[in-house]
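Subject: Structure for you to look at, with notes

Dear colleague,

Here is the structure I promised to pass on. Please open it alongside the notes, so that you can check each point for yourself.

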Amino acid sequence: MELPQEEAGHCIRVLRMKEGDRIRLTDGKGSFYDAVISGVSGKRCMVHIENREVQPPLWNGRIHIAVAPTKLMDRNEWFVEKAVEIGVDEISFIKTEHSERDVIKMERIEKIAVSAMKQSQKATLPILNGMTSIRSFIERGFDGDKYIAHCEPGSKVLLQDAVVPGHNSLVLIGPEGDFSPEEIDMALKAGFKPISLGPSRLRTETAALVAVHIMNLAGQSRE
């Protein structure tokens with residue numbers, strides 16, 4: 001088996017690994033592999049797989065976060081990195097009326113997610129969805145419990161009190177200017193429940209990460 005070019009370069013140039021060295025790999029689909037480097041030639045690195053280990057689920061239920069990306073790309077990248085480290089199944093980027101960014105380059109996001117997956121010793125790479133309109137996203141549907149965090153007045157429950165351990169959970173996080181009243185109404189009519197993340201006013205990426213953490217902790221609960 002030959003490693004992808006980028007991974008091969010990292011092994012050869014950064015880790016300075018050579019033929020006979022042992023290495024642990026993941027396919028990003030739930031499995032780890034114990035392998036031995038069987039050959040190095042230029043920028044190419046061949047490995048021999050000796051053992052496969054399936055990583056059991058680290059939490060119950062699927063965790064999906066949909067967020068309107070911030071204007072500064074490094075804040076979006078920070079969120080993705082930390083969300084993957086904590087544990088998330090799917091990340092979606094949504095365009096809203098008050099969005100600060102219309103386009104997001106997914107190649108960089110995917111590289112950060114892969115790095116965070118390996119750093120946190122996870123074997124599954126989250127699904128990463130590029131920018132879509134909030135209307136299209138809501139109309140797509142979701143098989144689980146749906147929540148929306150917004151700043152408009154009204155009755156809300158804390159997310160940690162709303163989320164059900166083991167259930168599939170989705171949380172919508174808006175931009176710095178919040179969702180528009182029309183978008184909130186659209187989400188509520190589609191079955192999203194209004195939730196709060198606490199009394200503090202949080203930045204978009206912080207709010208999204210808090211939501212991921214709360215859902216992840218609920219998913220780790222054992223009854």
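Predicted model: local features only at pLDDT ≥ 70, side-chain atom pairs only at ≥ 80, totals over all residues.

Residues are numbered from 1 along each chain as its sequence is written, and side-chain values use heavy atoms, with hydrogens and water left out.

The protein chain has seven helices and 10 strands, these being DSSP runs numbered from the N terminus (H or I of at least four residues for helices, E of at least two for strands). Its C-alpha trace spans about 65 × 40 × 30 Å along the principal axes, and 46% of its 223 residues count as buried; here buried means under 20% relative accessible area, exposed over 50%, and partly exposed in between, with a 1.4 Å probe and protein chains only. Taking contact as heavy atoms within 4.5 Å, 73% of the contacts between residues at least 6 apart in sequence join residues at least 24 apart.

Helix H3, residues 106-119, reaches 20 Å from its first C-alpha to its last, close to the 20 Å expected at 1.5 Å a residue for its 14 residues (the expected span being 1.5 Å times one less than the number of residues). Its buried residues are Met 106, Ile 109, Ile 112, Ala 113, Ala 116 and Met 117, and these lie on the same side of H3 because they cover an arc of only 140° around the axis, taken from the directions from the helix axis to the C-beta atoms. In general, an α-helix has 3.6 residues a turn, so residues three or four places apart point the same way. Glu 107 and Gln 119 are exposed on the other side of H3, while the cover over its buried residues includes strands S1, S5 and S6 and helix H2.

Asp 178, in the loop between strand S9 and helix H6, is buried yet has no salt bridge, and the nearest side chain of opposite charge, Lys 156, is 6.6 Å away (Lys and Arg count as positive, Asp and Glu as negative, and His and the chain ends are not counted). The side chain of Asp 178 does reach the backbone nitrogen of Cys 151 at 2.8 Å. Asn 216, in helix H7, is buried at a relative accessible area of 2%, and a polar atom of its side chain lies 3.2 Å from the backbone oxygen of Ile 86.

The structure holds 15 salt bridges, each a side-chain nitrogen of Lys or Arg within 4 Å of a carboxyl oxygen of Asp or Glu. One of them joins Lys 118 and Glu 7, with the closest N and O atoms 3.0 Å apart; this pair links helix H3 to helix H1 across 111 residues. Another joins Glu 53 and Arg 24 at 2.8 Å, N to O, and because Glu 53 lies in strand S3 and Arg 24 in strand S1, the pair ties together parts that are 29 residues apart in sequence. Arg 24 and Glu 53 are also linked with Asp 34 in a network of salt bridges.

Terms used. Polar contact = N/O pair within 3.5 Å; in protein donor to acceptor, adjacent residues only side chain to side chain.
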